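Below are my notes on the structure you sent. Please read them with the sequence and the structure open.

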Amino acid sequence: MSYPLAQLCLLPLLLSPLSPGAPISPAEPISQAYSLALYMQKNTSTLLQTYLQYQGSPFSDPGFSAPELQLSSLPPAVVSFKTWHALDDGERLSHAQGAFLALTQHLQLVGDDQRDLNPGSPMLLAQLGAARLRAQGLLGNMAAIMTALGLPIPPEEDTLGVVPFGASAFERKCRGYVVTREYGHWTDRAVRDLALLKAKYPG
Amino acid sequence: MALFSVFQTTFLLALLSLRTYQSEVLSEPLPWAPESLKVFINSTHQCLHLQWSVHNLAHHQELKMVFQIEISRIKTSNVIWVENYSTTVKWNQVLHWSWESKLPLECAKHFIRMRSAEDDAKTPEQSFWSNWSSWEEVDVQNSLGHDPLFVFPKDKLVEEGSNVTICYVSRSPQSNISCYLEGVQMQGEQLEPNVTVFNLNHVAFIRETGTNIYCKGDQGDSIKGIVLFVSKVLEEPKEFSCETQDLTTLNCTWDPGSDTGLLKQLSQSYTLFESFSGKKTLCKHKSWCSWEVAPESQEMYNFTLTAENYLRKRSVHLLFNLTHRVHPMAPFSVLFTDVSTTNATMTWKVHSTGNYYTLLCQVKLYGEGEVTQHNVSVEVDGEQLFSGLEPDTEYRAQVRCANANHFWKWSEWTHQNFTTAEAAPSEAPDVWRNVKSVQGHSVVTLFWKPLSKLQANGKILFYNIVIENLDRSSSSKFLSIPAPANGTELNLDQCSYQIHVTAHNSVGTSPASVIIVSGDPGNKEVEEERVKGTEDGFSLSWKPQPGNVTGYIVEWCDRPRGPLCDLQWKSVGPTTTSTVVSSDAFRPGVQYNFRIYGISTERVPYLLEKKTGYSQELAPSDNPQVVMSNLTSRSFTLSWKDYSIESQPSFIQGYHVYLKSKAGQCHSGSEKAVLSDDAVCCKYKIDNPKQKTFVVENLQPESFYEFLVTPYSSVGEGPHGAFTKVTTPDEYSPILIRVILPMVFCILLIMIICYLKSQWMKEKCYPDIPDPYKSSVLSLIKSKENPRLTIMNIKDCVPDSIEVLNKQEGTRKSLTETESSKPTYLYLLPTEESYSGPGPCICFENFTYNQAASDSASCGHVPVAPKAPPSQLALLTSPENLLKALEENYMNSLGEIPAGETSLNYVSQLASAMTGDKFSLPTNPPEPALCSEYKMQMAIPLGLASPPSSGSSSLSSFTLLDEGEHYH
């Protein structure tokens, strides 16, 4: 029910970087990005729980957690506070930009995997699709911030490459778990990044 | 033991020499040894594909050969599979062979070698094998990568109930690895130091998305797992059948059973193959398939239906002749022609199934609860004549057809309804009458029963009534009553009438029903007889009549208690003398009256018998309203005249009178009875239901009784409701009343007389004492308009004393000489003191006054100044006046007495009192008459005041009046 509404809200956010003439003040895109990141933050745990619920044991077991599972193609969000704090605005934005670019591609992949593994769960597929759309929206917002701050926008990369297609069903389930988990972590980190920026550039 | 060793050594040596010999003999290698052996691995299917060739075959030479293949696991000596593969080998042919491993190939190394021999039927034992090829090693583990843990097989698809072998390969031997199936740990066996195998038997279907199996080390390793896809077993299609409706399309159907589809793979598919034509079609649906019949006349069809999924194939076969599988379409264009009152013709068409076939059609006709069936042979159009139908009746016809030559299945039914035409009513209406005489007229109510559907033959529109006067044949009357009336009322005179009733529908008239209403009602008195009803009705019988009787009629009311009694009747033939009357309207506890009439040959009904009864008798529901009268100390009378025994729910046989008393003694004529509440009472029984009074006797005076009167019938008695309470009166009170009443009357009489004569009595017995306040003297005084005037009250009179001292002188000795020297006190009126001083003469001769005073209080005769009236007192008790007056009074009184000569010493009692009478003493000049005579007072007011009693007070008044005048 809330997805169409969310998508409608995202539409201007997606269009904003495409509009001619970059905004003079970075405050507005920072505020927009921050609001979106906050909104995304509210739904990340739901997405993860829904995802796990459809994968069977051990994923659906209560309290399932496998932090050791990582994807080489997806940069981890975990970073020490000192390192994070030492980063400048451009680096922070660049890291987030790269991560959400990878996340959008991975969320697409996970959506495809789940359409194959769990075709009878439209709710999961819809949530994955919505998460991907929001990640794309945040990417656009961050591009607008970087433009406003006069920072170079990193080029889009194919982070996935050709590796993931031979994965087994279990590997794909694990992959989906890592992607949905990291999506939450990166969203949390983006909220903090943007909060810092917001404080620096009050509107 | 040594001997055994020697023997064994010898045997082995012999054996060795034999083999050496053989190898020498056969040292020439077999010319057709397998060469170029290659092994291909299919991990997904856990298959090894072998490929080799046989050289040295001549061109176009074909040789039957057998290849022995050996497969070892882990090490070459561990042979796990040996198979002889026979085939015909051609020149330059590449040979293939596959082997599926139960253990995933990644779990262990495999080694394969083979040798060949000529497969000669003449020499069944292949004693001349070629040399073994060299071992080919299959090691998939090398290509796995560097992950610490692997689980195999990946994404395996198996059928439910099959056995699966799973293994993990660990690259960190120090890690302790556990594996789980859907969260349940599995127990495995170690195959190699780094490989553990789990054998799963009879795997179960859990969900369509597969079963997760995963392993995890205790060193914080990543979880690794596989998904095992377990599908349901493909079932063989059941009830496979094909048929055609139009000989152009075959429709084949079957029951597919359960779906084996998993989300990873599609469900099973179905293929239809016909062997004669060699055609094949992939069915689009899971349970049916269409097959186009070839235009050429193929009669025989041999179908094979194949169900197939990823793992299995199943087939069923069906061989049939097309003409034997014809399931015709439902007939159409069902019409009815020539529909008359009793006949109709039905026609229909059938769909063409070619020119060679005859159809057998089944026609069913439903009407009036009956079903008739006809079978008709039809080629194109069908026709069926229905006869013997009922007029004005709706019928439902239905038809279906089947192949007449080779019955396969009936078509669907085709339905159609039709209604036959109306005919004239076939029966005369059943008519009855009720005759009442009202003021010299006969009010005849005619009733008739509506004709049944079979009798009416159509819709009855009206009833015609012809009333024919039998006494005057010339006059007759005609009435037409529109339907659906079932009766009418006629006012006739006392003549005899013959009444004809006919029913009419749109086609014609029914036969007439004739009844004669006699001028003589002939209601002879017939004794009523009781009958007993049952649930099925009343069984009535009557005496056969000696004369000619054309029939009998039993008449009753369905609702005898209602305002409209709902008259019913039943006609029976002349030979019948009994019948059972039943009605849905009969209710238990309601009395029904039956009258049985005989119908004479002249059609005149006459009453024969009367019956009455209940379909079921019920206990009386209520008790009579009892009036109690004639209550005496010994008896009282009960009566319930208003109780109607006819309207009771059963035949009342009598009454029970229950009497409760404290004594509990029952006299003769009663018996003890115990009520439902365990109360004991006396029961009197009255056998005659018409006796509605009862005298309860032998009672105790001044006793409390309770009584109840309840009717009883054969099924019980009335409710034991509230008892009426009564207390018998005292036995003597009537006598007392007889005495007291006259006495009271007498006393009253005397009192009235006394009252009437009271004035006289008063005058005689106690005349009025004159009241000074009401004295006429008062009015006289008032006329002088002195408001301070009042009458002196006797109570205020304080007597003064006069001390008479006995002195030896004077002429007054005579008064006191008997008193010697003692002082004598005389009580005087205080007002008189003023006169006492100067006057030596005192006389007390007011006898009248004394007499009156003797009856009153002790000082009543001494008038005293009144204290009560405050107005007067206020004047008198003005303090300065009073003191002054007292002093003066006292001084004066002392001063006035002459010292030497005074023989009467007056001591005023008012030394401290406040009688105002003395105030005037010094100022008041004495009255002119020094010697006052008391008698004189009586003389003065004679003319003014009528009562003589207040003479002294009037004197006081005068004194006060004077005093007052002086003060003012």
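The points below cover the basis of the model, the interface, and some local features.

1. This is a predicted model, in which local features need pLDDT of at least 70 and side-chain atom pairs count only at pLDDT 80 or more, while totals for chains, interfaces and linings use all residues. Residues are numbered from 1 along each chain as its sequence is written, chains are lettered from A and ligands numbered from 1 in the order in which they are written, and side-chain values use heavy atoms, with hydrogens and water left out.

2. Chain B brings 20 residues to its contact with chain A, and chain A brings 18; contact means heavy atoms within 4.5 Å. Between them the two chains bury about 1,400 Å², with 55% of it on carbon and sulfur atoms. Buried area here is the accessible area (1.4 Å probe) that two parts lose on being put together, summed over both.

3. One salt bridge is found across the interface of chain B and chain A. The term stands for a side-chain nitrogen of Lys or Arg within 4 Å of a carboxyl oxygen of Asp or Glu. The partners are the side chains of B:Lys154 and A:Glu171, at 3.2 Å from N to O.

4. Six residue pairs are in polar contact between chain B and chain A, both residues being at pLDDT 80 or more. A polar contact is a pair of N or O atoms within 3.5 Å; within protein, one must be able to donate a hydrogen and the other to accept it, and residues adjacent in sequence count only if both atoms are side-chain atoms.

5. On the side of chain B that touches chain A, β15 (211–217) and β16 (224–231) each supply at least two residues. β16(B) gives the most, with five residues. Helices (H or I, at least four residues) and strands (E, at least two) are DSSP runs, numbered from the N terminus.

6. Over all chains, the count of salt bridges comes to 23. In chain B, B:Glu70 forms one with B:Arg113, the closest N and O atoms being 2.9 Å apart. B:Glu70 lies in strand β3 (residues 62–73) and B:Arg113 in strand β6 (residues 110–118), so this pair ties together parts of chain B that are 43 residues apart in sequence.

7. There are 37 aromatic pairs over all chains. Rings of Phe, Tyr and Trp (its six-membered ring) pair if their centres lie within 6.5 Å; planes under 30 degrees apart count as stacked, over 60 as edge-to-face and the rest as tilted. B:Trp291 and B:Phe303 form an edge-to-face pair, with 4.9 Å centre to centre and 85 degrees between the planes. B:Trp291 is in strand β21 (residues 288–292) and B:Phe303 in strand β22 (residues 300–308) of chain B, so the pair ties together parts that are 12 residues apart in sequence.

8. Two cis peptide bonds deserve a look. A:Ser57 and A:Pro58 are joined by one, with omega about 5 degrees; A:Pro58 lies in the loop between α2 (27–53) and α3 (81–86) of chain A. The bond from B:Ala483 to B:Pro484 is also cis, with omega near 10 degrees, and B:Pro484 is in the loop between β34 (476–482) and β35 (487–492) of chain B.
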